[in-house]
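Here is a short note for a colleague who is opening this structure for the first time. Please keep the view open while reading the points.

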Amino acid sequence: SIKKGNAAAARILEVLETPNPIVDPVKPEKMSAFSKEISFNKVSFAYENELVIDKLNLTIPKGSSVALVGPSGGGKSTIANLVPRFYDVNEGSISIDGTGIRQITKNDLRSLMGIVTQDSILFNDTVANNLRIAKPDATEKELKNAAEIANALSFIEALPKGFDTAIGDQGNKLSGGQKQRLSIARAVLKNPEILILDEATSALDTESERLVQEALIKMMKSRTSLIIAHRLSTIQNADLIIVLQNGKITEKGTHEELIAKNGTYKKLIELQSFQKSTP
């Protein structure tokens, strides 16, 4: 038993003691607000030897919504992971208001952001405590307001103990749409200046997608949003749509402009329309 325990402990400690390659600067610059733009300057990134982002230049002005679309493996989710520094770029730089994100502490950087991913990250606790991860001192009124914006209040109040209902491990007592709306409510409660949506509706059925989409539209008002989407119906109102292929921008413009260009974006739209109409 002791030998088995030692072997297990060795494997666990190897993970726990692995140094984090994403380190804070020695003399960080303070950043508590976001006022102008997020800029990508000749950004390149590779997973080991596989180049995923290739000398990308992109500017996201404050208050605008930018959507990233394109084939799988084009680098969309990688860009979403580079902004909060889950990875560091190999070449080039990402800056917020002219300050490189490597010059800001991870805590300051990520405090500006709210992230909603395809897979809802929930804990075996009450609805209220899952929401308060974003804001530990949130009042009951703030919880209700956030839930209402996320189209989640009606199903939460229908639970046996409302906000005090335990939702099970990874929220397994809730449906996929309910879990996703809870994740959105948590992001709303944080009230972030920068919102990152990574395939937030792709795993949902049509009705759940509609409710979640309505919640996202409410949430994106007056916020700077970076949206990654396979379902192109969810991003047609974005201020700017970027088409990514092999880590490079091949097209950009509004929905109408890209349709008029008759390129990759229009083909993706037509393909999805055909799939929906096929019984």
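**Notes on the fold and its contacts**

1. Start with Asp97. Leaving aside its neighbours within four places in sequence, this residue is in contact with Met31, Ala33, Phe34, Ser35, Lys36 and Glu37. Keep in mind that the model is predicted. Asp97 is found in the loop between E4 and strand E5 (99–100).

2. What lies 2.7 Å from a polar atom of the Asp97 side chain? It is the backbone nitrogen of Ser35. Asp97 and Ser35 are 62 residues apart along the chain, yet their C-alpha atoms are separated by 6.6 Å. Is Asp97 buried, partly exposed or exposed? Its relative accessibility is 23%, so Asp97 counts as partly exposed. The cut-off for buried is under 20%.

3. Next, the hairpin. Strand E1 (residues 37–47) and strand E2 (residues 50–61) run antiparallel and are joined by eight bridges. Phe45 stands opposite Ile53 in E2. Two residues lie between the strands of this hairpin. In the turn, Glu48 has a positive phi of about 55 degrees.

4. E1 has another partner to look at. Five bridges pair E1 with strand E4 (residues 91–96), again in the antiparallel sense. Here Asn41 has Ser93 in E4 as its bridge partner. As background, strands of a sheet pair through backbone hydrogen bonds, either parallel or antiparallel.

5. Now the open sheet. Its six strands follow the order E6-E7-E8-E3-E9-E10, and the pairing is mixed. Which strands form the edges? They are strand E6 (113–117) and strand E10 (248–253), each of which pairs on one side only. Neighbouring strands of this sheet are turned by 15 degrees against each other on average, direction ignored.

6. Within that order, look at E3 and E9. Strand E3 (residues 65–69) pairs with strand E9 (residues 240–245) in the parallel sense, over four bridges. Leu68 stands opposite Ile242 in E9.

7. Helix H7 (residues 176–190) deserves a check. It has 15 residues and reaches 22 Å from its first C-alpha to its last, close to the 21 Å expected at 1.5 Å a residue. How many of its residues are buried? The count is 12 of 15, and H7 is mostly covered. Among the buried residues are Arg181, Leu182, Ile184, Arg186, Val188 and Leu189. Asn191 follows H7 and has a positive phi, near 55 degrees.

8. Turn to the charged pairs. The structure holds six salt bridges. One of them joins Lys30 and Asp108, with the closest N and O atoms 3.6 Å apart. Lys30 lies in the loop between helix H1 (2–16) and E1, and Asp108 in helix H3 (residues 106–111), so the pair ties together parts that are 78 residues apart in sequence.

9. Asp88 counts as buried at 18% relative accessibility. Arg85 is buried too, with a relative accessible area of 3%. A network of salt bridges links Arg85, Asp88 and Arg102.

10. One more pair to inspect. Lys135 forms a salt bridge with Glu142, and their closest N and O atoms are 2.7 Å apart. Lys135 counts as partly exposed at 27% relative accessibility. Glu142 is partly exposed as well, at 27%.

Notes:
Residues numbered from 1 in each chain as written. Predicted model: local features only at pLDDT ≥ 70, side-chain atom pairs only at ≥ 80, totals over all residues. Heavy atoms only, no water. Pairing = 2+ DSSP bridges. Axes fitted to C-alpha atoms, helices over the stretch in contact; angles between N-to-C directions. Expected span 1.5 Å × (residues − 1). Buried < 20%, exposed > 50% of the residue type's maximum accessible area, 1.4 Å probe, protein only. Contact = heavy atoms within 4.5 Å. Polar contact = N/O pair within 3.5 Å; in protein donor to acceptor, adjacent residues only side chain to side chain. Salt bridge = Lys/Arg side-chain N within 4 Å of Asp/Glu carboxyl O.
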